[in-house]
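Please look over the structure below. A short report follows, with one topic under each heading.

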Amino acid sequence: MDTSSPSAFVNGALLRRYIGQKVRTVIQVIGSDTGSVVGKSTDDLQIVVRGPSPTPPLTTYLEVIGIAESDNSIRAETWTNFGNTFDPQNYNELCKLANGEFKHLFI
Amino acid sequence: MENSAVTQDGIATVLSNQSLDSSSVRPQIVVQVVDLKAVGNRYTFSANDGKTKMKAMLPATLTSDIVSGKIQNLGLIRLLDYTINDIPGKSEEKYMLITKCEAVASALDSEIKSTGIVLKPKQEFVARSASQIINEQRGNAAPAARMAMTRRVHPLVSLNPYQGSWTIKVRVTNKGVMRTYNNARGEGCVFNVELTDEEGTQIQATMFNAAAKKFYDRFEMGKVYYISRGSLKLANKQFKTVQNDYEMTLNENSEVEEASNEEMFTPEIKFNFVPIDELGTYVNQKDLIDVIGVVQSVSPTMSIRRRNDNEMIPKRDITLADETKKTVVVSLWNDLATGIGQELLDMADDHPVIAIKSLKVGDFQGVSLSTISRSNVVINPDSPEATKLKSWYDSEGKETSMSAIGSGMSSPANNGSRSMYSDRVSLSHIISNPSLGEEKPVFFSTRAYISFIKPDQTMWYRACKTCNKKVTEAMDSGYWCEGCQKKDQECSLRYIMAVKVSDSTGEAWFSAFNDEAEKIIGCTADELDKLKSEEGEVNEFQTKLKETTWSSHLFRISVSQQEYNSEKRQRITVRGVCPIDFAAETRLLLQDISKNKTSP
């Protein structure tokens, strides 16, 4: 497992803490444009993802790993299908725990 | 009385005969127990024969005899079986490891010395301390003087087996019937009473034979008595009815005097109410619980046939509701059904509040409550909880539609996946508690991995295609079913297998029957049997087992006790299997994390 460039688990609100750093998050796609995808984060905020688009077929939920550019945009490096029955609330709680009380267990 | 003398030169005999093998008869040697002390959960002492002493150790199995006073310091014991070992580190000194012995006499006045004088103990087999003996001597004083000395009332909570003289002032809060028994030691009669003192502490007192006859009529329910000269011992956990580490025995020398002129404040019945929506965790457990609720409905009396003796007993069902907006059915039995039950039927339209103490929690229709002989029902109790309940019911409860607590819960027979989230435990909770399911099987749900299935175990049995019972091979071809009383050319195979299961806390063996094993393996026993007998490069049977290993599932299990060669072993049976719902499990984990959070 390549642990050379770890990515922090973020939701919409936590993205601003990692500007310029590698992050990962799960979004629900709500729209797309040329060169960018608009998604809803697990805490119901809007995130814009620029860069190479994910290749179809796409599921409802997608994970994106990339560099945080601002407090609401990411430059994508990797996309992964996370299925249609994903539970966003659980993921949201994970992000809160991974950046709060249990930060020492993550990055 | 038996020989109350120690065997002369007993210790010398023991030491010289140490090379005796087990088949030869050991001389019956009586020694005195001196310097009895506890080391861990065993006791050591010096065995004294009046001339010499040697160190000795008693097995842990006899610790209870020591605690109860059967084997006493300065008392005599007869050695029945023992081995002589070297004391580690001191090769010249030996010690006796006793495996079997019997008490011969209770504590003598002192250590037997080589003057050869043997002092006979005053009384046989009554656990008595020095202060008890002194108190008895004092007992010969004038009654008035005696009363003045012993009338100081001790709180029940201060009593223990090692304190000699005490007097308690208690009310009889329960009186049992006189029972007769017939066992290896002979015939007898016994009854017990439940005693409560002013502080609310309770203790059970038992009387046998002569004492039972003496006090049976004297003890009356609800009356107050001064009691002294009883003996205490550790309570037998199996038969515990009150919260007390000790239980009392009264014999003919005990004193029971009615406190006729004096008032005693009776503490109100101490209730410990469980809200109806929390009853789930008590289902089929040993603990008795108390409830308080508003009577929604009262049924007429029903007659139920008792299984063990075919006698018909009356029963009445009451539906109770409380502020958790859940209802539960309480079954009143016998006198409670006909007496207070009838009262409740008459006032059912008033929807009174009732509080009930000591109910058993069963699993009929999910959750059911039943009264037992010591249950206590109070209608419209004078308490703040009752007032709160009544006002809640009058203002909103009356109109609210409520659901039965049992409906959300599947009874063990139903393998509904909803029961996979109630009584969730980890494997360590089960294996670290060997007495689980001692009386009645206990049910849990757990999430675990199948870690091992022995390929060469008997995984199935031949079953009748109609009734699924085991069939026997008929003389000519075919199979005979004893239950259906018919022969069939074919039979089906049904699973009965042991699987090893693991989770992050430990591992255990589960027994799985056909329906559950099919879900685990992923094919029927007949299909697996076919795979087993197939030839070929790849053994499909082994592959199937391999695929099953390290698959995770949600299990509904029952834990009970079974005896194997007089040893009690835990038996865990799978009652239901279903796949893991990861989102639901994650939610459970998040709940667990927040419960264990250290920071506010």
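## Chain B: the fold

How many helices and strands are there in chain B? Chain B holds 13 helices and 29 strands. Helices (H or I, at least four residues) and strands (E, at least two) are DSSP runs, numbered from the N terminus. Chain B has 600 residues, and 41% of them are buried. Buried means under 20% relative accessible area, exposed means over 50%, and partly exposed lies in between (1.4 Å probe, protein chains only).

Now take the contacts in chain B with a separation of 6 or more. Residues 24 or more positions apart account for 61% of them. A contact means heavy atoms within 4.5 Å.

## How the model was made and read

This is a predicted model: local features need pLDDT of at least 70, side-chain atom pairs count only at pLDDT 80 or more, and totals for chains, interfaces and linings use all residues; side-chain values use heavy atoms, with hydrogens and water left out. Residues are numbered from 1 along each chain as its sequence is written, while chains are lettered from A and ligands numbered from 1 in the order in which they are written.

The model scores ipTM 0.91 and pTM 0.44.

## Confidence in chain B

pLDDT is the predictor's confidence in each residue, from 0 to 100. The mean pLDDT of chain B is 82. In that chain, 86% of the residues reach 70 or more. Among the elements of chain B, strand β27 (residues 506–513) has the highest mean pLDDT, 95. Helix α4 (residues 143–150) has the lowest, 43.

Over residues 140–150 of chain B the pLDDT is below 50. Beyond near neighbours in sequence, this stretch has 8 contacts in the model. Residues 410–417 of chain B also have pLDDT below 50. Beyond near neighbours in sequence, that stretch has 12 contacts. Where pLDDT is low, the predicted coordinates should not be read in detail.

## Chain A: the fold

Chain A has 1 helix and 6 strands. From the N terminus on, the order is β-β-β-β-β-β-α. Chain A has 107 residues, and 40% of them count as buried.

Consider contacts in chain A between residues at least 6 apart in sequence. Of these, 53% join residues at least 24 apart. Chain A also has a network of salt bridges, which links A:Arg50, A:Glu69 and A:Arg75. A salt bridge is a side-chain nitrogen of Lys or Arg within 4 Å of a carboxyl oxygen of Asp or Glu.

## Where the chains meet

Chain A and chain B bury about 560 Å² between them. Carbon and sulfur atoms make up 57% of that area. Buried area is the accessible area (1.4 Å probe) that two parts lose on being put together, summed over both. In chain A, the residues that lose the most area to chain B are A:Asn90, A:Leu97 and A:Glu101. Together they give 71% of what that side buries. The contact takes 6 residues from chain A and 8 residues from chain B.

Between chain A and chain B there are 2 residue pairs in polar contact, both at pLDDT 80 or more. By class, the side of chain A that touches chain B has 2 nonpolar, 1 polar and 3 charged residues. A polar contact is a pair of N or O atoms within 3.5 Å; within protein, one must be able to donate a hydrogen and the other to accept it, and residues adjacent in sequence count only if both atoms are side-chain atoms. For the classes, Ala, Val, Leu, Ile, Met, Phe, Trp, Tyr, Cys and Pro count as nonpolar, Asp, Glu, Lys and Arg as charged, and the others, Gly among them, as polar.

## The salt bridge between the chains

The count between chain A and chain B is 1 salt bridge. The side chains of A:Asp87 and B:Arg587 form it (3.3 Å, N to O). A:Asp87 lies in the loop between β6 (73–81) and α1 (88–99) of chain A, and B:Arg587 lies in helix α13 (residues 582–595) of chain B, so the pair joins two chains.

Is A:Asp87 buried or exposed? A:Asp87 counts as buried, at 14% relative accessibility. B:Arg587 counts as partly exposed, at 42%.

## Salt bridges within chain B

Over all chains, the whole structure has 26 salt bridges. One of the pairs is B:Asp290 with B:Lys357, where the closest N and O atoms are 3.3 Å apart. This pair links distant parts of the chain: B:Asp290 is in strand β14 (residues 289–298) and B:Lys357 in strand β18 (residues 353–362), 67 residues apart. B:Asp290 is buried, with a relative accessible area of 5%. B:Lys357 is partly exposed, at 23% relative accessibility.
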